[in-house]
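Please open the model in a viewer and keep the selection panel at hand.

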Amino acid sequence: MPREYPKGGLKRIDIVKWVLFPIALIAVVILILFPLIMMFQGSVFTPEGKFGFFYFLNIFKQKVLFKAFRNSMVIGVWATFLSLLTGVPMAWAVSRTDIPLKNFIRNLTMVSMVTPPFLGAIAWIFLLGPGAGKFNVLIREVFHTDITLFNVFSIEGIIFVIAMYVYPFVFINTASVLDNMDSSLEDAANMLGASKWKTALKITLPLVSPAIISGAILSFLEALALFGVPAVLGMSRGIFTLTTQIYQLFHFPPQYQQGAALAVPLVVITGILLMFQYLYLGKKQFVLISGKTTQPTIVKLGKAKWPVLGYCLLVVSLSVMIPYFMLLLISLNKVWGAPLTLSNLTLHNYEFILFHYRLSQKSFLNSFFLAFMAATIAVFLALIVVIYNKRTQNVGRSFLHLVMVLPFAIPGVAMAVAFLWAYIRPPFMLYGTIWILLAAYIARRIPLAYMSCSDGVTQINFELEESARIIGASWFKAILNITVPLLKLSLISGWILIFISSFREISASILLYSTNNEVIAVTIFTLFEEGEFEALSALSILVLFITLVFVAGSRRIVGKGFAQVS
Amino acid sequence: MKLLKKTGCLLVVCFIVFVFASMAHTETIVDKAKAEGKLIFYTSMDSKTANTLAENFGKKYGITPEVFRSGTGKVLAKVEAEFAAHKSMWDVCQVSDMAPFIEWARKGLIEQYKPKDFDKFFDYMKDKDGYWLAVKSNTSVIAFNTNKIKKEEAPKSWKDLLNPKWKGMISMSNPYYAGTTAVNIACILELYGWDYYKALAKNQPFIADSHGALQTMMISGERPLIAEQNNYSVLPGKYKGQPCDVVYAVEGVTLSPGPAGILKKAPHPNAAKLFMDYICSKEAQEIIAAKYYYPGRVDVPAKGQPSLGKLKFLYPKISWLIENKQKLIDNFDKIMGRK
């Protein structure tokens with residue numbers, strides 16, 4: 001509970017009040033609100049300054065724009081459906097049944113969540129490309145036919161690949177509720193003679209449905225916001241989504257206004273769904289978890305556990321093991337498509353990426369720098385705003401809260417459009433420098449730090465600061481010496497989450513980068529465009545390796561719960 | 001005799017003075033360039049060639065150009081965006097499309113500069129006023145995977161690509177990204193009109209952004225037939241022993257000169273001039289030829305491919321292309337279901 005401080009204390013917090021608060025508040029407004037306002041403004045004014053909604057109407061009038069809109073929806077809905085089909089049974093299996101390898105499945109689902117989906121997409125080209133994809137070749141060889149069974153360069157291919165990387169949202173949401181849920185209702189059903197399957201379907205499922213829906217919403221939004229997968233798999237066959245169409249619109253001659261207008265539906269849909277999740281599901285979900293520490297009842301599946309386990313293993317194989325293995329294989333191969341013999345194996349691709357390719361060296365440095373700075377600044381700003389919101393009674397707190405969580409509702413490409421629009425001219429001419437990327441990364445990921453800090457502060461007993469104040473510490477000192485150390489874990493986990501997601505950021509970077517400011521994902525995309533698939537695989541393996549090391553390290557520091565928030 | 005000696009001495013002195021004078025001239029350009037210390041080079045050449053040129057230039061003059069490398073379309077988009085924002089960052093730009101350079105020269109956006117060896121370049125490879133000059137040129141050929149398609153069955157002409165038996169096997173680049181593709185399309189349009197591309201669309205071509213990607217997909221067997229490949233993208237593979245070969249279409253091969261020029265009021269004007277001199281030098285042109293481009297110089301022979309004089313060419317109407325490039329891209333995208 002925020003409280004009023006005695007008048008005498010005010011002088012002592014001057015440094016916070018007059019320096020840190022204003023800086024943080026101005027930064028937040030410039031970083032988040034200003035670009036968004038500019039984007040909305042850009043979408044309703046022509047370059048000549050005429051007001052109107054024609055750019056929005058174009059979405060329905062121009063066939064190509066409407067097709068992109070429709071494709072996005074189709075992909076989003078089907079990918080979400082597949083996520084439910086995989087995430088829910090898997091969550092139930094690892095949380096409530098006696099199948100073996102539960103931790104293995106949980107961990108690999110985590111890995112799938114931190115895997116950049118566009119790397120998965122590239123790996124799936126090696127597997128399901130109609131001409132040289134390994135699966136297709138294998139089928140032709142085994143059955144001596146000419147048929148092509150799978151074509152990853154299709155809308156189905158995009159849906160499949162996206163589903164493999166967004167199902168963790170459903171899985172993690174569902175599993176965390178199942179893990180913590182009071183199982184007395186299920187026990188009652190069992191005692192009354194319901195079968196295991198009937199209990200699962202009639203009792204457990206309805207109880208976790210809010211969590212499932214909330215996971216499904218996140219999956220849908222992620223599927224809608226992804227740029228890399230449809231770019232890699234769709235554009236070459238003329239399949240565009242909202243995100244890739246926006247990218248296309250920024251080609252020469254760039255159509256900024258139309259791009260901005262196309263980004264607006266993404267923001268609006270995301271906003272509405274998140275609002276729904278927050279207002280409706282958020283409340284319902286918490287009623288269910290009683291907070292009692294009873295162990296959930298484990299269902300003994302008997303022989304049925306083998307097909308269930310098989311299903312789980314299939315999903316993690318398709319999302320992680322097979323694609324990773326394929327990337328590794330290609331990264332060690334001289335030429336994609338050459339037979340896999342010892343003489344075709346080489347470390348040359350790694351050597352090239354690490355020592356001879358300036359773009360990759362530069363982009364490694366840039367990405368490290370940006371991820372480090374973005375994480376640090378975002379955590380710092382978030383901390384100040386959280387203190388402002390939770391420990392003062394100043395005006396505008398709920399407004400600030402809204403601004404801080406707003407970026408959740410802005411897909412990367414839309415964010416990039418906003419930034420491009422806002423920072424290409426005075427007063428903030430950042431375009432063409434690395435700072436526009438930094439600003440975009442901070443703005444995109446600040447909600448992660450904010451949520452993590454905010455949860456932390458809420459849990460800290462206010463009396464601790466109070467007692468420090470009573471024995472004479474200033475308000476600022478009390479916060480610095482009491483609150484911040486107690487928040488350490490929240491701060492670290494926020495920092496790491498931002499670092500990981502910024503390190504491999506593609507959707508915003510692809511529109512905002514410039515010469516010498518290339519980041520890793522841009523380099524991977526460039527290698528893809530140029531057809532250097534072997535070098536690309538080597539770089540991907542390095543990126544995946546670094547990401548996994550970070551995740552593993554942070555789980556050490558912060559505990560297993562880390563990164564279970566989205 | 002004395003007179004002869006005197007004249008001889010005078011001549012020698014003159015020569016020495018001349019040499020020193022010209023050295024002093026280059027010295028100053030080199031010094032000024034070094035003082036600028038930096039050079040930004042936008043190009044659509046493949047990264048390896050661009051980097052080799054940049055590194056060699058760096059070794060010679062102590063300035064290693066910063067290279068931005070992408071397809072012609074992306075380079076142009078960047079240049080135009082910078083023009084629009086009045087914030088041009090490049091010194092030297094090179095793409096595979098003459099049209100924008102002609103436009104920029106007309107609008108006074110690029111600098112007039114005749115590099116040292118200007119006279120050594122083919123006439124149709126340069127602007128007579130010295131606004132730009134093509135440091136290399138590409139030809140567009142048909143390329144195929146020899147493991148998947150037998151040489152005698154491979155298409156012989158652009159028209160052969162329309163045969164339904166190639167359905168799902170063809171790839172090509174797109175005219176937005178690749179300057180050479182735009183030129184190639186312009187030439188084929190003159191022969192066959194848009195009906196050609198409507199028919200080609202039925203063969204469901206895979207449309208990649210760069211010719212490098214087409215090559216990778218062709219060698220792997222993913223898309224064994226490339227409807228229009230750059231000579232320099234396919235020939236290195238062929239001579240390295242990869243399963244691929246080239247067809248020079250009977251209707252004629254398209255030629256895309258790749259002009260380079262200096263930005264007006266470039267941030268590093270002297271370094272830019274020095275770099276233009278360098279890429280026009282015999283040394284640089286030989287590097288370019290070794291990468292299977294056609295060099296722009298008369299005195300550097302092409303490598304591993306028939307010399308320009310031995311090929312039948314289709315020439316694009318540049319004035320038409322300048323006016324209609326955007327329309328061409330839009331139409332192509334529409335026909336290929338991309339728009």
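Begin in chain B by selecting B:A143 and B:I226, which stand opposite each other, the latter in strand 8 of chain B. Strands and helices here are DSSP runs numbered from the N terminus, with at least two residues (E) for a strand and at least four (H or I) for a helix. The model is a predicted one: local features require pLDDT of at least 70 and side-chain atom pairs count only at pLDDT 80 or more, while totals for chains, interfaces and linings use all residues. Residues are numbered from 1 along each chain as its sequence is written, with chains lettered from A and ligands numbered from 1 in the order in which they are written.

**Stop 1: strand 5 of chain B**

Next, select strand 11 (residues 294–295) of chain B, which pairs with strand 5 of chain B in the antiparallel sense over two bridges; here B:S137 is opposite B:Y294.

A residue is buried if 20 or more other C-beta atoms lie within 10 Å of its own, exposed if 12 or fewer, and partly exposed in between, with C-beta atoms placed from the backbone.

**Stop 2: strand 10 of chain B**

Now select strand 10 (residues 253–263) of chain B, which is mostly covered, with 11 of its 11 residues buried.

- Strand 3 (residues 92–94) of chain B pairs with strand 10 of chain B in the antiparallel sense over three bridges, and B:C93 is opposite B:G261.
- Strand 4 (residues 110–111) of chain B is antiparallel to strand 10 of chain B and joined to it by two bridges; B:I110 faces B:L263 there.
- Strand 12 (residues 313–314) of chain B runs parallel to strand 10 of chain B, with two bridges, and B:T254 stands opposite B:L314.

**Stop 3: the two domains of chain B**

Colour chain B by domain: domain 1 (2–137 + 258–306) and domain 2 (138–255 + 311–332), bounds that come from an automatic or database domain assignment. Their C-alpha centres lie 30 Å apart. The contact takes 22 residues from domain 1 of chain B and 23 residues from domain 2 of chain B; two residues are in contact if their C-beta atoms, placed from the backbone, lie within 7 Å. On the domain 1 side, helix 3 (72–84) and helix 4 (98–107) of chain B are the elements that give two or more residues.

**Stop 4: from chain B to chain A**

Show both chains: 25 residues of chain A are in contact with 35 residues of chain B. The chain A side divides into 10 nonpolar, 10 polar and five charged residues. In this count Ala, Val, Leu, Ile, Met, Phe, Trp, Tyr, Cys and Pro are nonpolar, Asp, Glu, Lys and Arg are charged, and the others, Gly among them, are polar.

**Stop 5: helix 22 of chain A**

Select helix 22 (residues 488–503) of chain A. Since 12 of its 16 residues are buried, helix 22 of chain A is largely enclosed by the rest of the structure; A:W495 and A:F499 are among the buried ones. The elements covering them include helix 5, helix 16 (358–391) and helix 19 (435–459) of chain A. In helix 5 (residues 102–114) of chain A, pick A:M110, which counts as buried because it has 22 C-beta neighbours inside 10 Å.

Technical notes: Two strands pair if DSSP finds at least two bridges between them. The expected span of a helix is 1.5 Å times one less than its number of residues.
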